[in-house]
Amino acid sequence: MNVKIEKIYGAVAAEKVAALGGEMKVANELLHSGKGAGNDFLGWVNLPTQTTENEIAEINAVAKELAKKVEVVVIIGIGGSYLGAKAVLDAINSSFDQLQKVRKNPVVIFAGQNISEDYIVELLDTLKHYSIGAVVISKSGTTTEPAIAFRIIKEEIEHRYGKDEAAKRIIAVTDKARGALRTLATQEGYKTFVIEDNVGGRFSVLTPVGLLPLAVAGVDIESFVKGAQDMERACLPEVGYDKNPAEIYAAARTALYRDGKKIEILASYEPKLQNIGEWWKQLYGESEGKEGKGIFPASVTLTADLHSMGQYIQDGERTLFETVISVKEPKSRYEIKADAANLDGLNFLAGRRISEVNRMAQLGTMLAHVDGGVPNIEIEIDKIDAYNIGGLLYFFEKACGISGYALGVNPFDQPGVEAYKKNMFALLGKPGFEKEGEELRKRL
Ligand SMILES: O=P(O)(O)OC[C@H]1O[C@](O)(CO)[C@@H](O)[C@@H]1O
């Protein structure tokens, strides 16, 4: 991985960024010494190198067993219990995975990430035609969205296969002892995997939360973890600032934020990486957005969004900076052909690869945005595969911890998420919320 920050120097001087190196190092060291805020949630820091071959083998074995039985696996979860697996799956699989006629692995789909009645009914209607199983993922075991979806999918599976067989088609990933899902899993005899107490949801993609769904879908989780292990080593505090990708990225975005750039747009020219942006938004949004502070994380997929958001990025409020994930080499090769009529005038591209056009779009856009007052950070990965994506996700986690400490917040809590939950329960008349419900209804 290469983190290139030269294209921010027009907005913030190189010396100013470099001067933050020491501060980033201190923040990085705090993640390892465990002396910073939220230090009971640092289990993710050394997680990749602590993951054993046996753990990976067990996840693969359980995934294989389930895959043998079913055509479709519904992964139920929300936030950190959903976004990582979704992001990696979309990045690694064919963009048209669900249309493949010859399959080695079940189709993996997601539920519990919304409370849409239409979504659930359409899901149930569609599932009727397939042999199904489920993986339910909730660290707390009490989150409303996945709990509702699981109640429904569990009933469907039990109705179709009976309770005994259902217990072989459902796997739970949850807290080792607490929460309604743990109680239920024990009661029903589900195979379970544990999310350790010291790993928060948005930092859990390298635990069974991410690894199990990925293994079910046939992703090489060994390479995924290996990529994260190598990145863990590359981002250790012992690695000098100049060579430390997480510290460099954290310094660049911190310098820009302190200089008035309040919005970071994560961009990619590969549509397969769109959901990496969704995962990244939770990671940075929940970690940094508190106490009236924090960079607002947004994301775009280019060139598609150049035809929608491009105007704003080029000419709107100058509070933005852009971080581009660029990919050195595509997996495939396709050359544009000459056309005798050349009505579209594109024969000048004949014999050239689509990726070359994409590359020139990227380089041209970067310069246009920099000229328009949008500083640009580039995060370059070699290719989109399990190894490189594993490394990319760990890199973002590490840089997030460092940035959060540099911002002066606890990057590992999310107290603000409770406000909507309280109001929703009050409006739904949940026992214990009667008084709040009355007050809220008056305001509607
Ligand atoms: O895995 P759980 O406990 O269901 O939580 C899902 C998500 O909900 C949140 O706790 C926010 O409510 C996120 O931090 C978390 O990733």
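Author: Let's start with a term: a salt bridge is a side-chain nitrogen of Lys or Arg within 4 Å of a carboxyl oxygen of Asp or Glu. Everything below concerns a predicted model.

Reader: Good to know! How many salt bridges does a search of the whole structure find?

Author: The search applies that 4 Å cut-off between nitrogen and oxygen. Run over the whole structure, the search gives a total of 33 salt bridges.

Reader: Which residue forms a salt bridge with Glu-65?

Author: Happy to walk through this one. The closest N and O atoms are 3.1 Å apart, and the cut-off is 4 Å, so the pair counts as a salt bridge. The partner is Lys-68.

Reader: Which helix holds Glu-122 of the negative surface patch?

Author: Glu-122 gathers with Glu-117, Asp-118 and Asp-125 in a patch of negative charge on the surface. The helix that holds Glu-122 spans residues 117–127, and that is helix 6.

Reader: How much space lies in the largest pocket?

Author: Its lining is made up of 31 residues, with Ser-140, Thr-143, Gly-201, Gln-414 and Lys-421 nearest the centre. Strand 4 (132–138), helix 7 (144–169), helix 12 (274–288) and helix 16 (418–428) each supply at least two lining residues. The space in this pocket is about 860 Å³.

Reader: And what volume does the largest cavity have?

Author: A search of the whole structure finds one cavity of 30 Å³ or more. Residues lining the largest cavity include Leu-266, Gln-274 and Thr-301, while strand 7 (263–268), helix 12 and strand 8 (296–301) each supply at least two. The volume of this cavity is about 50 Å³.

Definitions and conventions
Residues numbered from 1 in each chain as written. Predicted model: local features only at pLDDT ≥ 70, side-chain atom pairs only at ≥ 80, totals over all residues. Heavy atoms only, no water. Patch = residues over 30% accessible without salt bridge, like charges linked within 9 Å, V, L, I, M, F, W, Y side chains within 5 Å. Areas by Shrake-Rupley, 256 points an atom, 1.4 Å probe, with all protein chains shown as cover. Lys, Arg positive; Asp, Glu negative; His and termini not counted. Charge placed at Lys NZ, Arg CZ, Asp CG, Glu CD. Helix = DSSP H or I, 4+ residues; strand = E, 2+ residues; numbered from the N terminus. 1 Å grid on protein atoms, 1.4 Å probe; cavity = no way out; pocket = protein on both sides within 12 Å on 5 of 7 lines; lining within 4 Å. Points joined across faces, edges and corners; volume = space filled by probe spheres on them.
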